[in-house]
Amino acid sequence: MTVARQRVERPARENPFSRAATAFVGSLVEAWSELRVHRTRVLLSLIGVGVAVTALTVVVAGGAIATQVSTEQSERYGGRPAMVALNAYDPESGQQAPTEAMTAAVRDVTERYEIGYTSRNGYGELSAQLPDGVSLLSVNLVDRAYGTMHRVPLEAGAWFSVYDENRFAPAVIISEDLWNRLGRADLRTHPTVTLLGDGGPTTAVVIAVTASPPETMGQDTGVMLLVDDYELLASETQRANVYYNYEAWLPPEIAADLMPLLQRDIAGALGEGYMVDAYRTDYLGYGGEDPLLFLKLAVAGVAILVLLLGALGLVNIALVTVRHRIREIGIRRSFGATAGRVFFAVMMESVVATVFAGLVGVLIAVLVVRNPITTAWIDQYVEDVPAFPLDAALIGLGAATAVGALAGVLPALVAVRVKVIDAIRY
Amino acid sequence: MAFLHLEGVAKSVELPDGERLDILKGVDLTVEVGEHVSVVGRSGSGKSTLLNILGLIDAPTSGRLEFDGIPLERLGNADRDRRRGRDVGFIFQQFNLLARRSALENVMTPLLYASGRQFWRRERLATEMLERVGLGGRLASTPDQLSGGEQQRVAIARALVRGPRLILADEPTGALDVETGASVMELLDSVAESTGAALITITHDPNVAALARRHYRLDRGVLAPVDVNRVLAIAESGVTL
């Protein structure tokens, strides 16, 4: 009783910081209490938001995966950014610079600038003794770095390694069609194919298999061979017929500055009479707008539409709900809840609920995108199956919070306009 | 020092047909901390309007009102709300408990708008207050699990939990039978007296009004003191105002 008597004394002035802190925590407590009491209604109203967030997150994550697919496909053809093609020719005759001289010049210059990834790329021909007879194979000639520079996808086996560069028996990567003709021998048994070169038959070890496009209908006879091995195997005529592209993979941020230096130094190394071209071949080097911009905009458009539909449903339910809570709001006002506090508490109910729905939605989205069935499907198209994009999760959660805040504003305004006197009699 | 001071307070509203309706006319009233004042009057006499003005829920159309020595016009809306939460405890005829919340949660509600120790220790304070009104064993009961008398005791605990300096009871026994009403009033009177808070009871029941130390009658918006003997006589006759 003594304590109670002390409380009727004039209260001490409240600390503004303490008041703000307790108001914030109090609003959260109120919001949680409201959600707990009306959990069935809240759950029903949040199904829409949860589904919207799931859809949004899946769409964003799907977009990221589609972007990855598109990026990888672009990189297979044009190389990874920043891929620079280097070519030297005589402007008068149009003749390409001699292979040996160009190879040496490119090697020297790229070593000088510490460029770790360079490759030649050309196409030649070789005959091979297959089980069903001799066939002429189209040979893609590359250096070891080419696989990384172009993300070459492999069906089986592994790309050329340093070890493969030093083999006595050349290593070869064959097409799936060719592999089928060889009886799909397990690569762990080191199957071989006999290449009929200038100096007689040479046994090449099959180290990997690339996918054959369906349209080849089993007739794809492509193989990949290291340039240096081809130079040893091919006849002089075959070698002379190969036109090599030289490629260097540069850091994108310094590519523009480095390209003129490479041109200048290669031209200098080749001597008078040669022009050196250096140009980007990767998808980011085309200039202008992002080639994936349309895809990204389409994904964002679908995501926003889905979210707006979820938000509309939530606003609708929240507005109906707040009209049923007028008396309760009046009671709270009579016990000291300020208009600002009521506004914040009603809005927080919406935010707390949607954040919760957002978490559930993101969780479902992760389960949808990362379950073994989906990842196995994605794996068919992408070399590097991306982890669940953190962006997608954050966008999903951020969107849920924003929708909660936006959807909470209207009912909060309605709640603030409640007249305490009328509300108590309600 | 007077906690509440009303001087010439009037309240009028404009009716839809443009006519003006005077609800309160020149009300003068001074209430000190620790006093128990009753206001009796028939339905429509302006009792609830007066209570709303005393509790800073409504504002007078004219006249002067000082709350804790501060003129009403010097208090902003948020400040009025905060002072109402801190200094005024309401008890309603229909209890106005929050449905589907336990007795403890109902009593904790006003403490959500407090700050400092009252806020952080709200569960303990609410439990203690419910124990004081004899409901220590019904903390988890929701309003629909409580009798009318128990609900009003929860409402009393809720009104008192922040230690208000003014308790405004609007027909506190109006929804209760005579016996339960008497016990509730006894409780309210004793708890108000023990906390030293001013208690203003607005009622049309002379038996309830008779428990106060000072008595007023509100008739057609005019507040006038009533002799306690007259109130007692009315109470004994069994008539309600």
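Modeller: Two strands are said to pair if DSSP finds at least two bridges between them. With that rule, chain B of this predicted model has an open sheet of 4 strands in the order β2-β1-β4-β5, with antiparallel pairing.

Colleague: What makes β2 and β5 of chain B the edge strands?

Modeller: The strands β2 (20–32) and β5 (70–71) of chain B each pair on one side only, and that is what the term edge strand records here.

Colleague: How do you know that β1 and β2 of chain B pair, and in which sense?

Modeller: The rule asks for at least two bridges, and strand β1 (residues 2–14) of chain B is joined to β2(B) over 9 bridges, in the antiparallel sense. Within this pair, Val9(B) stands opposite Val27(B) of β2(B).

Colleague: What is the strand order in the sheet of 6 strands in chain B, and why do β6 and β10 stand at its edges?

Modeller: This open sheet runs β6-β7-β8-β3-β9-β10 in chain B, and its pairing is mixed. Both β6 (88–91) and β10 of chain B have a single partner strand, so one side of each is left without a neighbour in the sheet. From one strand to the next, the twist averages 20 degrees.

Colleague: Why is Ala157(B) called buried?

Modeller: A residue counts as buried if 20 or more other C-beta atoms lie within 10 Å of its own, and Ala157(B), with 26 such neighbours, therefore falls in that class. Ala157(B) lies in helix α6 (residues 148–160) of chain B, and, leaving aside neighbours within four places in sequence, it is in contact with Val107(B), Met129(B), Leu130(B), Val133(B) and Leu135(B). Its C-alpha atom is separated by 8.0 Å from that of Arg132(B), which is 25 residues away along the chain. For chain B as a whole, 52% of the 241 residues count as buried.

Colleague: Why are α13 and α15 of chain A called roughly antiparallel?

Modeller: Helix α13 (residues 339–370) and helix α15 (residues 390–416) of chain A pack at an angle of about 150 degrees, with their axes 7 Å apart. Angles over 145 degrees count as roughly antiparallel, and this pair is therefore placed in that class. The crossing of α13(A) and α15(A) is right-handed, and the residues of their contact divide into 23 nonpolar, 8 polar and 1 charged.

Colleague: What makes the packing of α3(A) and α13(A) oblique?

Modeller: Helix α3 (residues 39–78) of chain A meets α13(A) at an angle of about 45 degrees, with the axes 7 Å apart. Roughly parallel would need an angle under 35 degrees, and roughly perpendicular one of 65 to 115, so α3(A) and α13(A) are oblique to each other. The crossing of α3(A) and α13(A) is right-handed. Among the residues that make the contact are Val42(A), Leu46(A) and Gly50(A) of α3(A) and Ala353(A), Ala357(A) and Gly361(A) of α13(A). By class, the contact of α3(A) with α13(A) has 14 nonpolar, 6 polar and no charged residues.

Colleague: How many residues of each chain are in contact across the two chains, and which part of chain B supplies the largest share of its side?

Modeller: Residues are in contact if their C-beta atoms lie within 7 Å, and 31 residues of chain B are in contact with 30 residues of chain A. On the side of chain B, α2 (77–87), α4 (116–120) and α7 (178–195) each supply at least two residues, and the largest share, 7 residues, comes from α2(B). The residues of this side of chain B divide into 11 nonpolar, 11 polar and 9 charged.

Notes:
Residues are numbered from 1 along each chain as its sequence is written. Chains are lettered from A and ligands numbered from 1 in the order in which they are written. This is a predicted model: local features need pLDDT of at least 70, side-chain atom pairs count only at pLDDT 80 or more; totals for chains, interfaces and linings use all residues. Axes are lines fitted to C-alpha atoms, for helices over the stretch in contact, and angles run from 0 to 180 degrees between N-to-C directions. A crossing is left-handed if the near helix is turned anticlockwise from the far one by less than a right angle, and right-handed if clockwise. Ala, Val, Leu, Ile, Met, Phe, Trp, Tyr, Cys and Pro count as nonpolar, Asp, Glu, Lys and Arg as charged, and the others, Gly among them, as polar. A residue is buried if 20 or more other C-beta atoms lie within 10 Å of its own, exposed if 12 or fewer, and partly exposed in between; C-beta atoms are placed from the backbone.
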